[in-house]
Amino acid sequence: MAIRSSLLPLALLVLAAASSAAVAQLEIGFYSKTCPDAEKIVGEEMAKIIAAAPSLAGPLLRLHFHDCFVRGCDASVLLESTDGNVAEKDAKPNKSLRGFGSVERVKAKLEAACPGIVSCADVLTLMSRDAVVLAKGPFWPVALGRRDGRMSSATEASNELPPASGDVPLLAKIFASKGLDLKDLVVLSGAHTLRTAHCPSFADRLYNTTGENGAYGVVDPSLDSEYADKLRLKCKSVDDRTMLSEMDPGSFKTFDTSYYRHVAKRRGLFRSDSALLLDATTMDYVQRIATGKFDSEFFRDFSESMIKMGDVGVLTGAGGEIRKKCYAPN
C-alpha cells in the first residue's frame, strides 16, 4: 500500500523539503538505489499496525517529536538504558511513550529486505508521517539520509523537552533552540489532536492551582469550568495514573482541526494548550483554524513544520551509524 494524500499541493511541499534538507544533506529518494522499496515497506507495515491499533497513530507521532527535541532526530529516544547510563526513554517526561515495538517491527522488515541500509532515525521519521496520513491527515515528502546516534541521556531529555506546563515564552525559547519559530509552535501543537494523557500531566490544573485571593486547591481559571468538572470525575487526584483523557475528545483517532476548537473554548488539556490563547500570534492562529474554514491551510502548515522539525540536528554522511536494532547501538 503506497500512502498518499491528494489534499496538499505536493510540488510545494517537495520544494519545502528540498530547501530544508539542503543544509542537512538529506535527500528525497535517498534510498532509491540502496533500498528502493524502503518507503513502500514502511507504508505497508504501518497500514497493518494502525489498522490493528488506530490509537497508536498519536504515540508514534509523539515518539518522533520527543526524539527530535533531544540531540536532534537521531533515534536516541529508542535506545535502552544500560548499567552505566539512563537513556532518554526512561526520563520522567518519556515514561508514557509508546510504540517502541512497532518501530522494531518495521525496522526488522527493512533489515530483511536491505540489511544495514535504512537508519532507525529515518524509520521513525517515515512512520510518524505515515501515522498522520493513516489518521486522515496530510501527506508530505520526507527527505532521508539521517543516521543513528550512539548516545542517549535521560538528563538531557528532562531538560530539553517542552513541558506540558510551559507558557508561550518558555516554549518559544525551547522551539527557537531547535530552529523552530512561534508559528511552528502553534502548528505542531495541533498534533495533540491525536493524543491522550494521564492525569499527572494536567491534574494540577484541577486541584493545585492558587487562586487570586491566595486560596490553594482551586481549579485553574483559564480552564472552562464545565470541562474541568468532567475532568475531575475522571481524575480523582493529582497522582491518579489509571485514567487516560483524550486531548481532542471524540476525535482523538482522526487527524483534524477540532483540537483548535477545544482550545478556543478554553478546553485545552495542558497548560501549554491553554497558553496558546495568551499570546497574540498563537491566539490568532488558534481562532482562525478553529473556524473550520481553513483545514487545508493547517494541513499545509503542519506538513511544512514537520519537514522543518525532521531536519533538526540530524547526523548525516559519516556521522553516527546505521543500527541493526533500534534499541541498542551496534
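Contact here means heavy atoms within 4.5 Å, and helices (H or I, at least four residues) and strands (E, at least two) are DSSP runs numbered from the N terminus. The structure is a predicted model, in which local features need pLDDT of at least 70 and side-chain atom pairs count only at pLDDT 80 or more, while totals for chains, interfaces and linings use all residues. Residues are numbered from 1 along each chain as its sequence is written, and side-chain values use heavy atoms, with hydrogens and water left out.

We can start with the overall picture. The protein contains 14 helices and four strands. Of its 330 residues, 53% count as buried, where buried means under 20% relative accessible area, exposed means over 50%, and partly exposed lies in between (1.4 Å probe, protein chains only). Among contacts between residues at least 6 apart in sequence, 75% join residues at least 24 apart. The accessible surface comes to about 14,400 Å², and 54% of it belongs to carbon and sulfur atoms; these areas come from the Shrake-Rupley method with a 1.4 Å probe, and for residues only the protein chains shown count as cover.

The buried residues of α4 include Phe 100, Val 103, Val 106, Lys 107 and Leu 110. An α-helix has 3.6 residues a turn, so residues three or four places apart point the same way. The buried residues of α4 pack against α2 (38–52), α3 (57–68) and α5 (120–134).

Pro 162 sits in the loop between α6 (154–160) and α7 (168–176) and is partly exposed, at 30% relative accessibility. Leaving aside residues up to four places away in sequence, Pro 162 touches Phe 69, Leu 171, Ile 174 and Phe 175. His 192 lies in the loop between α8 and β1 (196–198) and is buried, with a relative accessible area of 14%.
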